[in-house]
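Welcome! Let's take a friendly walk through some side-chain pairs and a helix packing.

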Amino acid sequence: MAQNGNYDQASVAGIYKKYGDWLYNKDEFDSAMAQYTQTIGYVEPSYVIRKYLDAQRLASLAGYLQELHAAGMASADHTTLLLNCYTKLRDEDRLDKFIHTQEDFQFDIDTAIHVCRQAGFYSQALYLADKFNKTGMYLKLKVEDQGDIEAALAYMRKLSDADISVYLAEFGRRCLASLPKETTELLVDVCIHGMDARVLVNQADNESDAGSLIRSLPSSALSLRKIQHLFADQPSWLVAFLESIIAKRWQSSSDLISDEERDMQSAWNTLLELYLCGVESPLRAQTESAKQSPREHALELLRNPSAQIDWDRAYILCASNNFSDGIAALYEQRGDASALLDLYIEQDDIASMQQLLAKHGEQQPDLYVKALHYFAANPQHADNE
């Protein structure tokens, strides 16, 4: 009658509201909700929502909230409430239908993902995170909730180096704990790409080219010096990581700029320390060098003329680990024959003394004087003299 009498919509909505109240008071909740749905846009949603929350009529409330969304009048709080209704009812079909049939998605995406995640509806949360490029949340779901590290790494490989840097800094430790080989390979790839890009910036012909390249550089969060903490529980894989970086970069060390030089020196120093602690790369088991001990690798590293090792730090490491062969290699690197002779004298290493004198004695006659003092004080070595 009101509609035929050309009543305005607000007045008609008032009639629906009164009829809905009458049905609600008779405990005819579903019928009442059919009336309340007609009042959307005229009656404050909180009026209806409060009634059905108090009555614990979640199924009816979910229908009202969905109509509210369809009318484009839902807020983030309404979305949260609707999704909570679905999840508490464990109504996965309606939840899927709501999420997958929305064309304009006029609701807060972050809220929807959070509610689905909290309730354990991970596939729905992943669908939304992927569809709306919520990369961080997608990876949280994969890594922290589902433990699907393989899928997380595959997803990261599709991102830019800058984004991979950010997310590996956040999830790298968990990934290493589950899939150390695959995660280490990804870390190596991103670090090498970053170094190559910085070299190109350094070699750019003009400021315009350099500026364009700088904008494409990976985040500094993944520099060699800052990434090593990710391997705190995986020292053997840190060795594998550093060996891979060094193998790919040491031949082009002359192209490195200052930051990369510091990074590479840090890599050499850390690798030496790990070798002296007896840590071995898991990847060496498949190579010929697997027969060598970590200390033999350390000696090889110290004798490498391309190694960018901090001499003082290396000396302290060798001395504190009683690695005399390493100390000798450091003296050889510096060409300090006198200090090397002192080391051999301290060790009573007559054979090495003789080799040293034969090699350097003619150019440095003071070495003979020092050797004669030693033999004079140690007559038991007279035959060697």
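## Accessibility and the first pair

Partly exposed means a relative accessible area between the buried limit of under 20% and the exposed limit of over 50%. In this predicted model, Lys 134 has 28% relative accessibility and therefore counts as partly exposed. Asp 110, at 44%, is partly exposed too.

The side chains of Asp 110 and Lys 134 form a salt bridge, with N to O at 3.2 Å. Asp 110 sits in helix H7 and Lys 134 in the loop between helix H8 and helix H9, so the pair ties together parts 24 residues apart in sequence.

The structure holds 13 salt bridges. In one of them, Glu 144 meets Arg 117 at 3.1 Å, N to O. Glu 144 is partly exposed at 32%, whereas Arg 117 is buried at 19%.

Asp 189 pairs with Arg 157, their closest N and O atoms being 3.2 Å apart. Asp 189 belongs to helix H12 and Arg 157 to the loop between helix H10 and helix H11, so parts 32 residues apart in sequence are tied together. Shared partners also join Arg 117, Lys 140, Glu 144, Asp 145 and Glu 170 into one salt-bridge network.

## Two helices side by side

Helices H20 and H21 pack at about 160 degrees, their axes 9 Å apart. They are therefore roughly antiparallel. Contact residues include Leu 340 and Tyr 344 of H20, and Met 353 and Leu 356 of H21. By class, the contact has seven nonpolar, two polar and no charged residues.

Terms used. Residues numbered from 1 in each chain as written. Predicted model: local features only at pLDDT ≥ 70, side-chain atom pairs only at ≥ 80, totals over all residues. Heavy atoms only, no water. Axes fitted to C-alpha atoms, helices over the stretch in contact; angles between N-to-C directions. Helix = DSSP H or I, 4+ residues; strand = E, 2+ residues; numbered from the N terminus. Parallel < 35°, antiparallel > 145°, perpendicular 65-115°, else oblique. Contact = heavy atoms within 4.5 Å. Nonpolar A, V, L, I, M, F, W, Y, C, P; charged D, E, K, R; others polar. Salt bridge = Lys/Arg side-chain N within 4 Å of Asp/Glu carboxyl O. Buried < 20%, exposed > 50% of the residue type's maximum accessible area, 1.4 Å probe, protein only.
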